[in-house]
Amino acid sequence: MSHNGRSGVRHAADLMTPYAAVAKRNASRYAQQAGAAVGPRARWVADQARNQYTTQVAPRMGRAMASAGPAGRQAAARSQAALAVLRGEVTPGDVRSALRRRRRYHAAAMVVRRLGTVGLVAGAAFAAWKWWHGQNDPDWLAEPTPGTEVLPEADAG
């Protein structure tokens with residue numbers, strides 16, 4: 001960046017510093033006022049939610065968990081599968097192929113998750129770079145290029 005560009009940036013920063021300080025003070029004051037206004041109501045709502053959870057939700061969840069018995073259903077399903085293998089209805093090859101299919105499915109799901117994560121990270125990095133590039137290279141900071149036209153007085157002389 002040229003010397004003129006740096007001094008222009010410094011000048012702009014010097015001009016904007018008081019405005020930023022005032023905005024910071026105002027934002028802090030407004031946040032405190034909002035907290036004072038909303039705080040009691042938020043505490044009341046949290047207390048109501050806590051009371052309703054202990055009186056209504058927790059007992060129902062306990063009953064549901066006791067009656068659902070997911071472990072019992074899983075044990076029944078596994079015992080039926082074991083009986084099918086013992087009776088000869090399912091061959092060991094069928095079991096191996098089912099396991100292979102399951103492993104392939106889980107491996108493919110892992111690849112898709114990783115690609116999605118990499119895509120999200122790359123998209124976020126690109127968006128951050130575009131924002132940063134726009135912040136560091138505004139149009140008003142660029143110096144105008146010198147003119148390339150030849151003036152008629154220069155040809156006559």
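Keep in mind that the model is predicted. The mean pLDDT over the chain is 81, and 87% of the residues score at least 70. Where pLDDT is low, the predicted coordinates should not be read in detail.

Now the layout. There are 4 helices and 0 strands in the chain, and along the sequence the pattern reads α-α-α-α.

Next, the surface. Of the 157 residues in the chain, 4% are buried. The chain exposes about 13800 Å², and carbon and sulfur atoms supply 63% of that area.

Which residues make the nonpolar surface patch? They are Phe126, Trp129, Trp131 and Trp132, and the patch comes to about 540 Å². Take Trp129, which sits in helix α3. Trp129 has a relative accessible area of 42%, so it counts as partly exposed. A patch residue needs over 30%, and Trp129 has its 42%.

The other patch is charged. Arg96, Arg100, Arg101, Arg103 and Arg104 form a positive surface patch. Is Arg103 buried or exposed? Arg103 is exposed, because its relative accessible area is 57% and the cut-off for exposed is over 50%. Like Trp129, which is placed in helix α3, Arg103 lies in helix α3.

How values were computed: Residues are numbered from 1 along each chain as its sequence is written. This is a predicted model: local features need pLDDT of at least 70, side-chain atom pairs count only at pLDDT 80 or more; totals for chains, interfaces and linings use all residues. Side-chain values use heavy atoms; hydrogens and water are left out. pLDDT is the predictor's confidence in each residue, from 0 to 100. Patches are made of residues with over 30% relative accessible area and no salt bridge: like charges are joined within 9 Å, nonpolar side chains (Val, Leu, Ile, Met, Phe, Trp, Tyr) within 5 Å. Accessible areas come from the Shrake-Rupley method with a 1.4 Å probe; for residues, only the protein chains shown count as cover. A salt bridge is a side-chain nitrogen of Lys or Arg within 4 Å of a carboxyl oxygen of Asp or Glu. Helices (H or I, at least four residues) and strands (E, at least two) are DSSP runs, numbered from the N terminus. Buried means under 20% relative accessible area, exposed over 50%, partly exposed in between (1.4 Å probe, protein chains only). Lys and Arg count as positive and Asp and Glu as negative; His and the chain ends are not counted. The place of a charge is taken as NZ of Lys, CZ of Arg, CG of Asp or CD of Glu.
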